[in-house]
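Me: I've got a model open and a few labels I'd like to understand. Can you walk me through what backs them up?

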Amino acid sequence: MKIAFLGDISLNDEYTYLYRKGVKPFDKIGAYLKSFDYVIGNLECLAKGEKGENELKKPRLKTTLETLNYLTDIGVNVVGLAHNHAYDNLKDGFEKTVAFLDSKNIQYLGASVNASQAKQPLILEEDGISICLLNYVSKDTNPNLPEDAEVYLNYLEKEKVEADIKLYKQKYRYVVLFLHWGGNMEGAKFPDWNQPKEAKDFIDAGADLIVGNHSHTIQPYEMYKGKYIFYSLGNFCFSHYIYFAGKKLIMPKYYQKGLMLQVCFDKEALYIDNFIIKNKHYQIKYTKVRNYFLLFNLFYKLLFSHYFLWKFYVALHNIFSIISLYNRMLFTKHYSLREKWIIVRNRIS
């Protein structure tokens, strides 16, 4: 069984304009991805509804139902919905999105209007090979659902995840975790301090592969007991987004790059190859990478060898990300002082 894992897919703002213009930014990679049995991505941006937005969440993402047709151009047939933007457009937007996915035979997991269904895995079976896909979101990514929300998320709670892994490992050949996590390290090149320990505990519980997202950056990977842990694949496609009415917030260039995993599952083992995805003027290109992670992973091992080194990195990351955020506001339509403070405050918190 041949599966491609993609990072964050957000067909927001500029993609709605491109779709209406008839632009096909995914033609080349879509032709390649159609050779896979499954193409799995994190659908970060849902369709807008008619009943408003979740005012507790900033920033919010939205797209149109017609723009979601790009998913078929990409070749996506499975999406994770356990993420921090699932309720941005309230129940109405969520239901419109999943109705669209059903109409296109795109399977989804990780969130639902039914609490028990949100916790269910997706089982992929072919040629005698069975894969249990589990999708979770950690609360530190700040989904900010109101107490009366009518959409339920499959939250990443360590003991529950370990219990799920042990349960499904008895029934299926492979258990794969698709995680939206590491909220404290959004925009960072390295994971949070606790993520490696948590990931290794999941491997010990029986997980065969861990694929993460949320940081919008490519983060390092490692192997533990012969099993791969990818902390974040970065963005597959993501547009600059509207933060306040009519005012875009420009994303940094490193948000326009992601990792695509090509995973071949057979009855004995799984095999991985990887490609770099580049988003240049919304045109998606891919390049097979060699030795991309060598120095990256060495620096990761050094950084996580001492808590002090990791804390020093976090301090530098926070300082430079706030400076970058402020600079990016200067290159868009003018923000008021109040709006600048709100954006920076949300980044700090």
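Predicted model: local features only at pLDDT ≥ 70, side-chain atom pairs only at ≥ 80, totals over all residues.

Me: What makes cysteine 132 count as buried?

Reply: Buried means under 20% relative accessible area. Cysteine 132 comes out at 0%, so it counts as buried.

Me: And why is cysteine 237 called buried or exposed, whichever applies?

Reply: Cysteine 237 has 0% relative accessibility, so it goes down as buried.

Me: How do you know that cysteine 237 is in no disulfide?

Reply: The structure holds zero disulfides. For cysteine 237, the nearest cysteine sulfur belongs to cysteine 45 and is 9.5 Å away. A disulfide needs the two sulfur atoms within 2.5 Å, so cysteine 237 is in no disulfide.

Me: What is the order of strands in the open sheet of six?

Reply: The order is β6-β7-β9-β10-β12-β11, and the pairing is mixed.

Me: Why do β6 and β11 stand at the edges?

Reply: β6 (122-126) and β11 (221-224) each have a single partner strand, so one side of each is left without a neighbour in the sheet. From one strand to the next, the twist averages 20 degrees.

Me: What makes β6 and β7 a pair?

Reply: Two strands pair if there are at least two bridges between them. Five bridges join β6 to β7 (residues 129-137), so the two count as paired, and they run antiparallel. As for who faces whom, glutamate 126 stands opposite isoleucine 129 in β7.

Me: Which residues have the most contacts inside the largest nonpolar core?

Reply: That core has 59 residues, and those with the most contacts inside it are Phe5, Leu177, Leu209 and Phe265. Apart from it lies another core, of 43 residues, among them Phe36, Ile74, Ala111 and Val137. As background, nonpolar side chains tend to be buried together in soluble globular proteins.

Me: What is phenylalanine 5 in contact with, leaving aside its neighbours within four places in sequence?

Reply: Its contacts include Ile40, Leu133, Val176, Phe178, Leu209 and Val211. Leu233, Leu259, Met260, Leu261 and Val263 are on the list too. Contact here means heavy atoms within 4.5 Å.

Me: How much of the contact in the protein chain joins residues at least 24 apart?

Reply: Among contacts between residues at least 6 apart in sequence, 73% do.

Me: And what about the accessible surface?

Reply: For the protein chain, the surface comes to about 15700 Å², and 53% of that belongs to carbon and sulfur atoms.

Definitions and conventions: Residues numbered from 1 in each chain as written. Heavy atoms only, no water. Helix = DSSP H or I, 4+ residues; strand = E, 2+ residues; numbered from the N terminus. Axes fitted to C-alpha atoms, helices over the stretch in contact; angles between N-to-C directions. Core = buried A, V, L, I, M, F, W, Y, C linked by side-chain atoms within 4.5 Å. Buried < 20%, exposed > 50% of the residue type's maximum accessible area, 1.4 Å probe, protein only. Areas by Shrake-Rupley, 256 points an atom, 1.4 Å probe, with all protein chains shown as cover.
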